[in-house]
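Okay, thanks for coming, everyone. I'd like to walk you through some strand pairing today, so let's get the picture up.

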Amino acid sequence: MMCSDDYAVFLPSGSQQDHPIGITGFHRFHLGGTTITALCDGYFALSVHEVLRDGETPMQPLLERACLGEVVSSHVNAFLIENRTHRVLVDAGAGDLQDATLGDMSAQLAAAGLRPEQIDTVLVTHLHPDHIGGLTRNGVAVFPRAVIHVPREEDAFWLGAGDPAAVDASVRATFEHARQILAPYQAEGRYRLFDPGASWGDCLTAEPLAGHTGGHTGYRLRTDEGDVVFCGDLFHVASVQLADPDVTVCYDSEPAQARMTRATFLAEACHRGDIVAAAHAPFPGLGRIDAGDNGYAWYPVA
Ligand SMILES: [Zn+2]
């Protein structure tokens, strides 16, 4: 049985009414001998008309059905996986790179009773700033012992031959940010690249989820009580992109591939009954996918 044993939340400045999903904190639960802690890095304002892109059918009816206004508060979640021998962080939040409403991951880790030196492994889903910014502060590695594992294709694009003109202006700073953030780990020999299908121990495997970025990668954790899939930025606005997986976001490097990847992932997660850990689902970002009246729907697990 999955059971929650620790849950702390607080509201950022302003009332909950001001920020309808502005609850943050950490949330810890156990599944099949593994402890997973969702760490809320904060939230950012997402303008639906600027960020979301129509699929085959116009999305306006989806927005109305979900009662979404022009601006949605989108959480940024990182996740810690702990067993008897390892503490693995999946993504690291935005650190100082983005809005002042982000960058809380380290504070939530401390609130959950963990020190940075206790983290031995960091797996990143992709190199956008809201997923790696928390790795480095003022040019110094936040995690003094951890080895950072990056999908090889992400490294090749953002730190290699990627063309800035090929991505949306909203994510173009990723080229510079990725270099700054990863440099301390590279200098200390704590930077590793991996290929699709790589695994860590016998229960954690990388699964390519290309489209949002070329090397965008999910991680499947297998336990005796079911799987948890850390899916990164497979979706940003669940009520729209699960109902119509064809809706993309301006941040997507390869929108057509992102559509196909999302459709395949949702069908499989729904069929298998996986717990899905999503970077931009409302905190704690844990849920199951089920077929709804219109496409798929997100059912939070807490
Ligand atoms: Zn993101």
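Let's start with phenylalanine 29, which stands opposite isoleucine 36 in E3. One thing to keep in mind: this is a predicted model, where local features need pLDDT of at least 70, side-chain atom pairs count only at pLDDT 80 or more, and totals for chains, interfaces and linings use all residues. Residues are numbered from 1 along each chain as its sequence is written.

How many bridges join strand E2 to strand E3? Six, with E2 (residues 24-31) and E3 (residues 34-47) running antiparallel. Strands here are DSSP runs of E with at least two residues, and helices are runs of H or I with at least four, numbered from the N terminus. Two strands pair if DSSP finds at least two bridges between them. The hairpin of E2 and E3 has two residues between the strands, and there glycine 32 takes a positive phi near 50°.

E3 also runs antiparallel to strand E5 (residues 71-82), with twelve bridges joining them. In that region, alanine 45 stands opposite serine 73 in E5.

Now over to an open sheet of seven strands, with mixed pairing and the order E12-E13-E14-E15-E17-E18-E19. At its edges are E12 (199-200) and E19 (296-300), each pairing on one side only. E12 pairs with E13 (residues 204-208) in the antiparallel sense, over two bridges. Tryptophan 200 has leucine 204 in E13 as its bridge partner.

And that's the tour, so over to you for questions.
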